[in-house]
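The sequence and model come first.

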Amino acid sequence: MTAAAIAEAPPRKNAHSLYLQVLAAIVLGALLGVYFPDIAQSPWMEAMGKGFVNLIKMVIAPIIFCTIVSGIAHLESAAKVGRVGIKALVYFEVVSTVALALGLLVGNVLRPGEGFSGKADPAAVAKYLEPAAQRTPVEFVLGVIPDSVIGAFAKGDILQVLLFSILFGFALMALGERGRALRGFIDEAGHAMFGVIAIVMKAAPIGAFGAMGYTVGKYGSVALWSLAWLVGSFYLTSILFVVVALGLAARIVGFDILRFLAYIRDELLIVLGTSSSESALPQLMEKLERLGCSKSVVGLVVPTGYSFNLDGTNIYMTLTSLFIAQALGVELTASQQFVILTVAMLTSKGASGVTGAGFITLGATLSSIDPRLAPGIGIVIGVDKFMSECRALTNICGNGVAAIVVAWWEKELDHDKLAAGLSRRVDPSNVETAITTE
């Protein structure tokens with residue numbers, strides 16, 4: 001999505017109300033599972049959670065197509081600024097890899113899914129196991145190439161959709177001005193798809209109630225501890241990433257990460273209330289310019305980062321994938337975990353800070369890694385709302401730091417403005433305010 005397109009999207013006014021509804025639904029579902037397990041295990045309760053998951057899954061392929069194509073096609077602006085685009089992409093991939101690896105590391109050390117009493121439905125798993133067992137590595141590689149583009153979308157094969165999206169994005173970028181109309185159409189189609197997600201998310205309280213109630217009713221109250229341990233592990237990992245990984249990048253440039261977080265505290269509160277890092281994008285870009293980053297760097301790095309630098313989503317994908325594998329008793333080898341890192345690097349590009357997008361890409365990653373894990377996605381739906389806020393907060397922190405690092409790397413960072421802004425010697429509400437004496 002382009003900067004202009006994102007900036008035009010108004011914050012959702014009902015985000016706070018939906019947040020409270022989901023919280024209430026989770027609590028009620030858990031209580032129902034604990035005190036009335038027979039009711040909680042009914043087919044209709046299970047259907048609430050599954051129905052919501054299916055609503056999300058129906059738009060996975062078009063959303064990933066639109067976001068990947070739009071992100072690549074708009075890199076024509078990166079060509080105009082030359083080195084800036086290349087440096088931004090290099091930084092994105094390095095930091096994203098660190099985030100993915102940190103999620104795997106914490107997942108292996110803390111093992112939050114170990115001891116989870118539930119198992120996947122044998123009948124549900126069986127239909128995935130047989131085709132997976134018959135597939136050779138060569139067939140897997142060839143399977144990434146679709147027989148037809150329409151077939152890839154019809155089957156919902158995410159890797160096939162990803163391949164076509166990447167090729168289409170670069171082809172559209174090469175068209176230059178001739179492709180402007182098509183780029184605009186895909187941008188608008190992406191908005192429409194996220195509009196569908198916004199409508200679907202209105203059913204989130206029902207899905208969360210059903211999923212949490214069914215999970216606790218079927219697996220017992222011990223599931224609550226396992227899920228709480230997952231949420232705690234995710235927040236701990238995200239804090240470590242921001243303080244250590246982003247803190248190290250900040251120290252190299254010459255500023256303190258905690259002061260930067262204090263500087264963008266208003267934007268962080270907006271993100272916390274909406275669970276979407278895009279809701280604070282315009283304000284973040286303004287503040288980065290006031291910190292001394294050049295307008296051209298900010299204009300390229302931050303919007304591009306919303307497709308290519310989703311650090312919170314990366315941590316979520318690897319950590320939650322390991323949690324589900326551990327909860328279902330599927331022991332993943334080192335090579336399989338490496339595949340998780342590689343596939344998640346691609347599928348995370350389809351999540352652009354909108355509530356529910358991280359859950360979409362988790363489903364895409366699980367389906368691509370090991371089909372046995374696909375039924376386990378319902379285990380985490382009840383607590384995904386808690387993690388979506390942390391994903392969005394980590395994403396906006398990562399993109400803010402990215403803009404400053406790339407501006408410094410490109411020698412387009414005013415260190416005096418940076419120091420003045422972070423030490424609060426400049427009025428953050430006024431772009432033209434001069435540095436005052438302390």
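Helix α19 is mostly covered, with 17 of its 17 residues buried (buried means under 20% relative accessible area, exposed over 50%, partly exposed in between; 1.4 Å probe, protein chains only). The model is predicted: local features need pLDDT of at least 70, side-chain atom pairs count only at pLDDT 80 or more, and totals for chains, interfaces and linings use all residues. Residues are numbered from 1 along each chain as its sequence is written, and side-chain values use heavy atoms, with hydrogens and water left out.

**Helix α19**
- Helices are DSSP runs (H or I, at least four residues), numbered from the N terminus.
- Glycine 329 follows α19 and has a positive phi, near 75 degrees.

**Salt bridges**
- The structure holds two salt bridges (a side-chain nitrogen of Lys or Arg within 4 Å of a carboxyl oxygen of Asp or Glu).
- Glutamate 410 pairs with lysine 87, the closest N and O atoms being 2.9 Å apart.
- This pair links distant parts of the chain, 323 residues apart: glutamate 410 lies in the loop between α23 and α24 (415-422), lysine 87 in helix α7.
- Both glutamate 410 and lysine 87 are buried.
- Glutamate 177 and arginine 180 form a salt bridge at 3.0 Å, N to O, and both are exposed.

**Tryptophan 408**
- Tryptophan 408 sits in helix α23.
- Tryptophan 408 counts as partly exposed because its relative accessibility is 33%.

Note on methods:
Helix = DSSP H or I, 4+ residues; strand = E, 2+ residues; numbered from the N terminus.
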